[in-house]
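Student: I have a protein model open and would like to learn how to read it. Please take me through some features one at a time.

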Amino acid sequence: MASRRTAVDMPQPQQQEKRGHVEKKKNVPTGGRHRRALGDIGNLVKVPAAAEGKGRPITRRFSAQLLAQAADKNLPSKKLTDVAPPKQRPDEAQVLAPKSGNVAAGDDHVKREGVARKKVVKSLTSVLSARSKAACGVLNRPQILNIDEADIHNELAQVEYVEDIYSFYKAAEEEDRVPNYMHLQPEINARMRSILVDWLIEVHNKFELMPETLYLTVNIVDRYQSVRAVARRDFQLVGISSMLIACKYEEIWAPEVKDFICISDNAYVREQILAMEKAVLGVLAWRLTVPTTFVFLVRYIKAAAAAADKQMENMAFFLAELGMIDYNVSVAYPPSLIAASAVYAASLALEKSPAWTDTLKHHTGYEEDKLKECEKVLISFSTGVAEGKLKASFRKYSQVERCSVALHASAKSEIITERQEQVAN
């Protein structure tokens with residue numbers, strides 16, 4: 001009987017033969033004495049210093065309890081929230097928040113702390129980007145207004161092409177710019193030219209013509225004289241014929257030849273005017289589409305947001321006409337600079353602040369320093385125009401419908417001159 005084995009002592013079958021191969025049975029215990037504990041499957045967290053040595057596995061719930069106890073003991077916040085996103089600190093274990101179910105108080109506290117810190121902490125990349133933009137001037141980018149926004153639906157404004165048109169004008173003004181020609185005229189001088197332009201301004205105002213007609217007339221006179229020598233007796237005839245050409249080019253209802261004969265007190269006959277008109281067109285090769293000061297002046301007044309400010313608009317035109325009368329200004333500066341200087345001088349005379357904006361700088365292409373020389377010349381003209389002999393522009397812009405800007409400019413210039421004299425003394 002000693003050889004009898006009990007059921008407990010008998011070994012359990014481990015394998016069985018089936019169709020020529022060995023098949024293992026599933027869910028067969030291997031014995032409790034040799035069972036090994038499971039390893040880390042990602043459900044453990046970093047043990048706080050206060051919980052070391054307790055010998056209990058750190059699960060989510062137990063970790064939350066430890067964190068709550070640590071919070072009650074006023075431990076440093078760094079130990080309570082020593083959890084970082086995987087992308088920033090992969091070397092540390094993470095506290096995994098459950099996707100559903102109840103959330104312990106400690107987990108909720110950690111979640112709120114993480115959200116709060118995420119809002120206030122700036123990354124190194126954002127700080128470096130901000131510094132780079134500040135160094136490059138991106139943060140201090142000039143504020144340029146869209147001056148054509150109100151004319152989007154205006155077909156005559158040509159908003160789609162206006163920038164290209166004025167870029168062409170700026171490139172073409174040097175080609176059509178009037179050179180210094182007075183040394184080629186044996187019988188004409190700068191003073192006589194100023195008298196003729198002043199008279200043309202008066203005739204232009206008498207006929208109530210378009211502003212662009214006046215500027216084109218003076219341009220034709222200067223361009224013709226830069227090529228042909230003009231006798232003194234024919235100088236006024238050149239002016240009349242030039243205005244007739246400009247009227248036919250710009251006006252809808254141009255004055256007739258007899259009107260110019262009458263306005264010149266019958267100094268010339270019809271045949272003379274028509275012959276001079278033909279001669280002028282032949283010398284200029286019928287080239288009449290040129291960028292005059294008026295072309296730029298209209299654009300720059302719009303850029304100065306002065307389209308609705310009639311006083312500012314009339315002041316700029318008044319100063320531009322004073323510059324057109326003077327021969328030295330007409331040949332020394334390009335038309336775009338004269339127009340920009342007139343707008344700048346008008347802003348100073350009317351005490352606009354700022355006198356030169358980023359929008360004007362963008363559309364004119366001129367810095368404020370480049371305009372001061374011409375601006376001072378235009379302001380000096382407005383100082384003595386009331387006492388001078390050439391008063392056509394002064395009378396024109398002293399009218400109420402033109403905001404009486406000539407009177408304002410003269411008074412303002414006198415005040416500025418008195419202050420300068422006081423400073424000098």
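Student: Is Q225 buried or exposed?

Tutor: Relative accessible area decides that: buried means under 20%, exposed over 50%, and partly exposed in between, with a 1.4 Å probe and protein chains only. Q225 counts as buried because its relative accessibility is 1%. This is a predicted model, in which local features need pLDDT of at least 70 and side-chain atom pairs count only at pLDDT 80 or more, while totals for chains, interfaces and linings use all residues. Residues are numbered from 1 along each chain as its sequence is written, and side-chain values use heavy atoms, leaving out hydrogens and water.

Student: Which residues does Q225 touch?

Tutor: Contact means heavy atoms within 4.5 Å. Leaving out residues up to four places away in sequence, Q225 touches Y181, Q185, I188, V230 and F235.

Student: With which side chain does the side chain of Q225 make a polar contact?

Tutor: A polar contact is a pair of N or O atoms within 3.5 Å; within protein, one must be able to donate a hydrogen and the other to accept it, and residues adjacent in sequence count only if both atoms are side-chain atoms. For Q225 the partner is the side chain of Y181, at 3.3 Å.

Student: In which helix is Q225 found?

Tutor: Helices (H or I, at least four residues) and strands (E, at least two) are DSSP runs, numbered from the N terminus. Q225 is found in helix α7. That helix is mostly covered, with 14 of its 15 residues buried.

Student: How is the length of a helix checked?

Student: What does α6 pack against?

Tutor: Its buried residues pack against α7 (211-225), α8 (235-250), α9 (257-263), α12 (310-325), α13 (327-332) and α17 (392-396). Among those buried residues are M192, R193, L196 and H204.

Student: What can be said about H204?

Tutor: H204 is buried, with a relative accessible area of 5%. Beyond its neighbours within four places in sequence, H204 is in contact with L209, M210, P211, T213, L214, M243 and K396. The C-alpha atoms of H204 and L214 are separated by 6.6 Å, and these residues are 10 apart along the chain.

Student: What lies at the two ends of α6?

Tutor: At the N-terminal end, N189 is the cap: one of its side-chain oxygens lies 3.2 Å from the backbone nitrogen of R191. Just after α6, E208 takes a positive phi of about 55 degrees.

Student: Where else should I look at backbone angles?

Tutor: Phi of D265 is near 60 degrees, a positive value in a residue other than glycine. N266 is found in the loop between α9 and α10, and has a positive phi of about 60 degrees although it is not a glycine. D265 is exposed, with a relative accessible area of 65%, and N266 counts as exposed at 60%. For a peptide bond, look at omega: from S353 to P354 the bond is cis, with omega near -5 degrees. P354 is in the loop between α14 (335-349) and α15 (358-364).

Student: What does the protein come to in secondary structure?

Tutor: The protein has 18 helices and 2 strands. Of its 425 residues, 38% are buried. Among contacts between residues at least 6 apart in sequence, 74% join residues at least 24 apart.

Student: How is confidence read?

Tutor: pLDDT is the predictor's confidence in each residue, from 0 to 100. The protein averages 77, and 66% of the residues score at least 70. Among the elements, α8 has the highest mean pLDDT (96) and helix α2 (residues 77-80) the lowest (43).

Student: Where does pLDDT stay under 50?

Tutor: One such stretch is residues 11-29, for which the model has 8 contacts beyond four places in sequence. Another is residues 109-118, with 5 such contacts. Where pLDDT is low, the predicted coordinates should not be read in detail.
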